[in-house]
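Take a look at the structure below. Have the chain letters and residue numbers to hand.

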Amino acid sequence: MSTPILSLENVSKSFGPVTVIDDVSVDVYPGKVQVLLGENGAGKSTLIKMMAGVYQPDGGRILVDGKEVTLPDTKASENLGIATIHQELNLVGSMSIAENISMGRMPKRFGLVDRRRMRADARAALALIGLDLDVDQHVGELGIARQQLVEIAKALSMDARMLILDEPTAALTKREIAALFGVVEDLRQQDVGMIFISHHLDEIAAIGDSVSVLRDGSFVAEVPATTHEDELVRLMVGRDIAQQFPRRREYQGPPDTLLSVQNLSTKGMVNDVSFEARAGEVVALAGLVGAGRTEVVRAIAGVDPYLSGTVQVRGKDLPRLDVGAAIRAGVGHVPEDRKVQGLVLGASVNDNIGYATLASTARAGVVDFAGQRSRAQGVADTLRIRMRDLDQPVGSLSGGNQQKAVFARWILAESSVLLLDEPTRGVDVGAKVEIYELINAITAAGGAVVMVSSELPEVLGMADRILVMSGGHISGELDATDATQDAVMSLAVRDVQRDLEDQQMKDEA
Amino acid sequence: MNTVAVRKPTTSGRARITTFLANNGALVGLLVLGLALFIATPDFLTGPNLLNIGIQASVIAVLAFGLTFVIVAGGIDLSVGSVAALSAMGSAYMFSTAALPGWLALIGGLLVGALAGAVSGFAVAFGRLPSFIATLAMLSVARGLTLVLSDGRPIATAPTVSFLGSTVAGVPMPIVVLVIAGIVAALILNYTVTGRYMYAVGGNTEAARLSGIPVRRVLVIVFALSGLFAALAGLLLSGRLDSAQPQAAAGYELDAIAAVVIGGASLAGGVGRISGTLIGALVLVVIRNGLNLLNVSSFWQQVVIGLVIALAVGIDSLRRKSGSH
């Protein structure tokens with residue numbers, strides 16, 4: 001085999017007392033796609049940041065073309081031909097494709113920007129990956145998938161020999177993923193080495209050559225990309241699924257309907273969605289990103305308006321677009337992105353836990369500080385939120401503990417209908433299990449849970465019923481006891497709208 | 001990677017003082033400033049001079065208290081100077097021209113300010129105007145209305161308003177008003193539900209909305225309070241002169257903003273304290289007072305004030321950067 005473009009040899013990295021990477025080795029060969037596999041918190045991000053020069057290893061060596069190097073900063077890494085395509089793209093939406101591709105190194109003529117050459121350079125860069133776009137178009141007008149390709153073209157125009165693709169498929173549709181993989185195939189032919197990170201196991205066999213599995217910062221194994229998915233999961237989590245999803249159904253009371261959604265439609269995203277959630281039940285909304293799951297949950301919570309349909313909690317209609325009314329009716333909403341939508345990161349844990357109950361516990365508009373504090377402390381203890389004290393800014397907690405703080409708000413508000421949008425995203429393995437136990441506790445107490453999740457094992461492991469969404473419709477319902485990943489996926493890719501139109505045409509014929 | 005919450009070692013007494021001083025840079029600055037002036041000139045630390053400082057600080061501080069609400073909630077209010085002038089002129093007009101009783105003219109002046117603020121608040125909350133634009137518009141509208149109302153001439157204030165600017169039994173009323181306004185503002189910000197909501201809205205508007213916080217109502221209240229405090233400042237100012245001037249308090253919004261940010265508030269929202277704002281206002285006034293005592297020309301004073309603002313906020317953001325990682 002040829003010399004690797006880049007090798008990490010037995011690298012380690014600690015932050016203070018916490019070791020996040022412990023003696024890991026990875027090689028990236030020209031024309032090969034090396035997959036990094038591991039759960040959130042397994043150390044993938046830290047590893048690629050070492051490759052990109054963001055972090056420097058405490059131990060071990062980095063080799064480029066077989067020669068030991070140090071990467072003190074991202075510039076050093078870029079100069080050696082290593083480029084990272086981040087999930088958050090580094091593009092300026094209000095500037096043209098050409099300007100973005102030559103950002104920071106625009107060709108000049110007489111001290112002014114040489115626009116003609118800039119455009120030509122951009123066209124050449126796009127041609128490298130077979131992309132035919134108007135280089136004067138603003139990047140902001142492109143979809144995410146196209147933007148990603150522009151970013152790749154930009155990296156290649158800077159003579160990148162190795163690309164780090166950090167979850168490039170997370171926000172893409174099936175078709176866009178196929179286009180991206182076509183580009184990856186081309187790059188493989190051009191001897192570009194690649195690191196590929198994805199949580200979708202099916203993509204590994206499709207695109208990868210070899211897989212490095214990480215768990216809790218340690219190297220577990222390197223296996224061929226053709227390895228069976230079950231085996232990959234076993235390597236990744238180090239235990240079987242049953243332990244990972246400790247679903248218990250302990251509610252003994254009557255199965256009252258707590259939440260009833262009828263014919264809900266929103267502008268463009270949700271189409272005639274109806275379902276119910278009963279006491280003691282976990283209903284999962286599965287489907288691909290963009291299927292309308294988050295939009296359903298946000299409409300129920302009163303965050304976004306809807307065009308038609310009704311939402312009832314315990315038989316009473318909820319007004320449209322009124323978060324306060326939803327909360328008073330017993331709805332608690334754990335949004336998709338806790339940092340942006342869930343928490344005021346600079347405010348204390350105490351404040352964040354209390355926002356939904358500040359007004360209802362106040363006397364004449366004056367905050368009940370002592371009561372609020374003791375209640376917050378009680379819930380924080382119950383949920384085992386690991387923190388210095390209640391006055392610590394919530395932004396300084398770990399991801400799992402931040403998420404528990406969002407849950408704590410609704411536990412305090414005694415919400416009985418919990419809408420959980422990707423409740424375990426970006427949460428480490430231990431905290432995940434704690435969140436699952438929390439879901440058990442909520443349902444055991446007679447609450448109903450509606451859970452949006454893109455992680456199929458989680459959906460299969462925790463839900464009682466699975467509603468699969470596709471293109472804004474509910475494309476099917478599955479009982480969790482006999483549902484399989486395949487069954488969910490085939491519903492998730494079903495084109496309900498087209499089926500309806502086919503039916504209509506058949507009827508008319 | 002996940003952020004790792006490192007447990008801080010138990011703080012010793014000395015460490016605690018260090019932390020306190022690090023968190024109260026403006027207070028340290030004020031004390032250093034006071035000490036330097038005490039050494040430089042015997043005229044600084046005298047009873048009359050300190051009272052003078054208090055009186056001079058009162059208008060800026062009261063304006064800045066109201067502005068603190070807005071800045072904590074993540075906005076900015078450029079109209080406070082103009083609203084102060086309009087409120088004072090409105091009050092004087094009610095008394096002198098409309099012949100309303102003095103107490104009514106006082107309350108009426110305050111209402112004018114609150115109303116002007118609420119209008120800005122509506123424009124921000126429901127009209128979705130950036131607060132910079134909404135209050136820039138109000139800055140112009142309020143000043144224009146002041147001129148319309150007065151026809152460009154000063155109007156005599158009601159005795160109730162003049163009382164606010166007077167000295168009773170050796171106690172200057174502006175300082176009394178300053179203290180009461182400060183206490184009320186601090187109580188609102190720290191102890192009321194709406195006050196706590198201001199921090200949430202300024203810290204993360206979207207998260208606040210999803211937590212059921214009535215964001216738009218909070219914004220209207222915030223700007224109305226800013227207008228109310230601006231009105232009080234305007235009445236103080238006109239009371240001291242016994243007349244409402246059409247060009248009163250022009251440019252004061254910049255001093256008020258400076259006081260709030262020197263006091264440690266963040267223009268990004270979510271951070272700020274009334275005590276800090278008070279210190280910020282005192283820093284500004286003490287510098288002016290000291291430079292006057294040292295016979296530094298008022299032209300140079302402006303240069304110094306500008307540098308102090310840049311320095312105070314610069315040090316603060318550097319500290320923040322090193323504090324968070």
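The text below goes from the interface to one helix and then to a set of strands.

This is a predicted model: local features need pLDDT of at least 70, side-chain atom pairs count only at pLDDT 80 or more, and totals for chains, interfaces and linings use all residues. Residues are numbered from 1 along each chain as its sequence is written, while chains are lettered from A and ligands numbered from 1 in the order in which they are written.

Start where the chains meet. On chain B, 28 residues are in contact with 38 residues of chain A (contact: C-beta atoms, placed from the backbone, within 7 Å). Two elements of chain B give two or more residues to this side, α9 (193–203) and α10 (205–210). Helices here are DSSP runs of H or I with at least four residues, strands are runs of E with at least two, and both are numbered from the N terminus. α9(B) gives the most, six residues.

Now go to α13(B), residues 274–293. Its 20 residues should span 28 Å at 1.5 Å a residue, and its end C-alpha atoms are 28 Å apart, which agrees. The expected span is 1.5 Å times one less than the number of residues. Just after α13(B), N295(B) takes a positive phi of about 60°.

Turn to chain A. Strands β3(A) (33–37) and β11(A) (210–215) pair in the parallel sense over four bridges (pairing: at least two DSSP bridges between two strands). Here Q34(A) has S210(A) as its bridge partner. β11(A) also runs antiparallel to β12(A) (218–224), joined by six bridges. R215(A) is partnered by S218(A). Two residues lie between the strands of this hairpin, where D216(A) takes a positive phi near 50°.

Note on methods:
Two residues are in contact if their C-beta atoms, placed from the backbone, lie within 7 Å.
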